[in-house]
Amino acid sequence: MLGFLLVVLACGVAAQPQKPVWPLEFDAPFGLNIPAVDVVLPHGIVNGSSHFYYNWDQANATLITYLDGCLPYIHKDSEKQPCNLTFVPAGTFFTSPTVPTCLWLDGIGSLPPNFLEGFTYSGFDQITVDLYSAAHFVHFWTGPGGFQYYTENNTGLDIALVDGGIIQWAFGTLTAAPQDPAMFAVPQDYKKCPFITDVNFGSRKFSDPYAKLSHLLSKK
């Protein structure tokens with residue numbers, strides 16, 4: 001059972017709310033939630049410790065750290081180690097204790113601050129819990145590929161994301177503050193990740209929700 005709750009309110013909302021826009025630089029913790037998936041994740045992941053760093057005005061970049069374990073199916077046993085995903089204009093870079101920084105997804109970079117322009121207001125609000133299990137009244141947005149995004153009614157802060165499949169993020173407190181551009185640096189002499197040619201994982205190359213969403217919005 002995931003530590004993540006969606007409750008639909010009975011009353012609709014007639015007015016179209018303004019779409020929130022991210023600060024140009026911020027960071028936020030979030031919990032990674034994945035239900036039990038075959039033998040790879042027999043017990044699932046509930047609020048796996050993760051962190052999101054964003055610097056758009058200086059680096060056009062995002063850094064996501066999965067501290068308790070990476071997403072499954074990126075490569076064999078990827079879920080058994082922590083990993084970092086760095087999104088820059090050149091693409092998405094992968095780093096783990098056993099895999100030096102390498103290019104995973106060519107050309108799949110960071111989302112812009114106004115990425116919700118690619119989403120549509122659902123027409124009603126919900127109650128959703130955040131990383132700390134605190135309940136919020138939220139606007140419910142729908143996007144490409146079945147993506148769902150939830151922002152707090154009064155503040156516009158991010159509360160939760162659902163990737164159109166089984167992966168869910170529950171956000172913690174967003175802190176608008178400068179993020180060192182050096183955090184998002186990747187090697188100039190980078191190589192492609194050795195596992196991207198693995199036929200067992202190629203069909204799941206967008207297993208990360210952020211990479212998947214960036215790819216979908218870039219096609220619109």
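**Notes on the disulfides**

1. Let's start with one cysteine: at 3% relative accessibility, cysteine 83 counts as buried, because the cut-off for buried is under 20% relative accessible area. Keep in mind that this is a predicted model.

2. So what is cysteine 83 bonded to? Its partner is cysteine 70, and the S to S distance in this disulfide is 2.1 Å. Cysteine 70 is buried too, with a relative accessible area of 0%.

3. A quick reminder, in case the word is new: a disulfide is a covalent bond between the sulfur atoms of two cysteines.

4. Now look at the geometry of the link between cysteine 70 and cysteine 83: it is right-handed, with 65° about the S-S bond. Cysteine 83 sits in strand E5 (83-88), while cysteine 70 is in the loop between strand E4 (61-66) and that strand, so the bond ties together parts that are 13 residues apart in sequence.

5. How many disulfides does the structure hold? There are 2. In the other pair, cysteine 102 is joined to cysteine 193, with the sulfur atoms 2.1 Å apart. The torsion about this S-S bond is about 95°, so this disulfide is right-handed.

6. Which parts does the pair of cysteine 102 and cysteine 193 tie together? Cysteine 102 belongs to strand E7 (residues 102-106), and cysteine 193 to the loop between strand E13 (175-176) and helix H1 (209-218), so the tied parts are 91 residues apart in sequence. Cysteine 102 and cysteine 193 are both buried.

Notes:
Residues numbered from 1 in each chain as written. Predicted model: local features only at pLDDT ≥ 70, side-chain atom pairs only at ≥ 80, totals over all residues. Heavy atoms only, no water. Disulfide = S-S within 2.5 Å. Helix = DSSP H or I, 4+ residues; strand = E, 2+ residues; numbered from the N terminus. Buried < 20%, exposed > 50% of the residue type's maximum accessible area, 1.4 Å probe, protein only.
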